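Here is a protein chain to explore together. Take a moment to look it over, and then we'll walk through its parts.

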Amino acid sequence: MGVFDKAEKRIESAVGKVFARAFKGYVHPVEIVAGIQRELDAEAKLLSRDKRLVPNLFQIGLSQADYDRLSPYSKTLNTEILPGIREHAAERSYVFNGPISIGYTLDTSLPTGQFTVASRAGSGDTNGRQKRTGQLVLEVNGVRHPLVAPGLLIGRGTEADLRINDPGISRRHALITVSGDQEHPVITIEDLGSTNGIHVNGTRITKTRIGEGSRIEVGNTRMLVHTPSES
């Protein structure tokens, strides 16, 4: 029995066989699981050699007919959908920014049987309002380091502010400089004559400005600059 068959049987048990049969011709929860899994794969961002940051907040757009059938059972369905999402993430070493949340919205432009998946990384519920903390962080191996003035020294040596045990990183590898105010910070990263250099968004640099969404690679370590969200 395949994973989708197992998921379908779990969902049928949860909502009752009579209701499950009503999915014929409409969006089935198993399809939503597959859609979210594809979204995770498409949006995964490298954090380190073996970890990737993925969205944890999902909005499922549904046609009028599918919305009428699914939305009353959303809590029950999500209970059955979430294990498949977590298993998929564990298999691929994905890291979530917060609790997984799945919400359902009506999209009258969609025909019956089709749905859309929108996602983002953050904390809180998809049905709640989100706001930015305003504080950029450098995320390394799942740990967030606030980017505040004057900045930080990255390296393998004992004098580094951000010390990383990576043989591909020099003792004094890179310097991140932060100036300006919190709402409009000016942040740069500079190579301090390292052996293996620095790559920002796939391009080797000597010195460059970085900001929201910048992907940094030093040695075998990947870093992400981003602003966490809170509800």
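Which residue in β18 does V218 stand opposite? V218 stands opposite T221. Before going further, keep in mind that this is a predicted model, where local features need pLDDT of at least 70 and side-chain atom pairs count only at pLDDT 80 or more, while totals for chains, interfaces and linings use all residues. Residues are numbered from 1 along each chain as its sequence is written, and side-chain values use heavy atoms, with hydrogens and water left out.

**The whole chain**

The chain's secondary structure comes to five helices and 19 strands. Helices (H or I, at least four residues) and strands (E, at least two) are DSSP runs, numbered from the N terminus. Of the 231 residues, 43% count as buried. Buried means under 20% relative accessible area, exposed means over 50%, and partly exposed is in between (1.4 Å probe, protein chains only). The chain exposes about 12,100 Å², and carbon and sulfur atoms supply 46% of that. Those areas come from the Shrake-Rupley method with a 1.4 Å probe; for residues, only the protein chains shown count as cover.

Now for contacts, meaning heavy atoms within 4.5 Å. Take the contacts between residues at least 6 apart in sequence: 60% of them join residues at least 24 apart.

**Around β18**

Back to where we started. β17 (residues 215-218) and β18 (residues 221-226) pair up in the antiparallel sense over four bridges. Two strands count as paired if DSSP finds at least two bridges between them. Together β17 and β18 form a hairpin with two residues between them, and G219 in the turn has a positive phi of about 60°. β18 also has strand β8 (residues 137-140) as an antiparallel partner, joined by four bridges. There, E139 has L224 as its bridge partner. β18 is mostly covered, with five of its six residues buried.

**A three-strand sheet**

Next is an open sheet of three strands, in the order β5-β3-β6, with mixed pairing. β5 (101-106) and β6 (115-120) are the edge strands, and each pairs on one side only. From one strand to the next, the twist averages 25°. The two pairings look like this:

| Strands | Sense | Bridges | A pair of residues |
|---|---|---|---|
| β3 and β5 | parallel | six | L57 and S101 |
| β3 and β6 | antiparallel | six | F58 and S119 |

As a bit of background, strands of a sheet pair through backbone hydrogen bonds, either parallel or antiparallel. Why is β3 largely enclosed by the rest of the structure? Because five of the six residues of β3 are buried.

What lies across β3, β5 and β6? That's α3, running at about 40° to β6. Angles like this run from 0 to 180 degrees between N-to-C directions, and axes are lines fitted to C-alpha atoms, for helices over the stretch in contact.

α3 (residues 29-43) also meets another helix, α5 (residues 74-91): their axes come within 10 Å and cross at roughly 35°. The crossing of α3 and α5 is right-handed. A crossing is right-handed if the near helix is turned clockwise from the far one by less than a right angle, and left-handed if anticlockwise. On the α3 side, P29, I32, V33, I36, Q37, L40 and D41 take part, and they meet L77, I81, G84, I85 and H88 in α5. By class, this contact has eight nonpolar, three polar and one charged residues. Ala, Val, Leu, Ile, Met, Phe, Trp, Tyr, Cys and Pro count as nonpolar; Asp, Glu, Lys and Arg count as charged; and the others, Gly among them, count as polar.

Most residues other than glycine have a negative phi, and most peptide bonds are trans. S93 isn't a glycine, but has a positive phi of about 60°. You'll find S93 in the loop between α5 and β4 (94-96). At 33% relative accessibility, S93 counts as partly exposed. N201 has a positive phi too, near 55°. N201 is in the loop between β14 (198-200) and β15 (203-205), and at 39% relative accessibility it counts as partly exposed.

Where is the cis peptide bond? A cis bond joins A149 and P150, with omega about 5°. P150 is found in the loop between β9 (143-146) and β10 (151-155).
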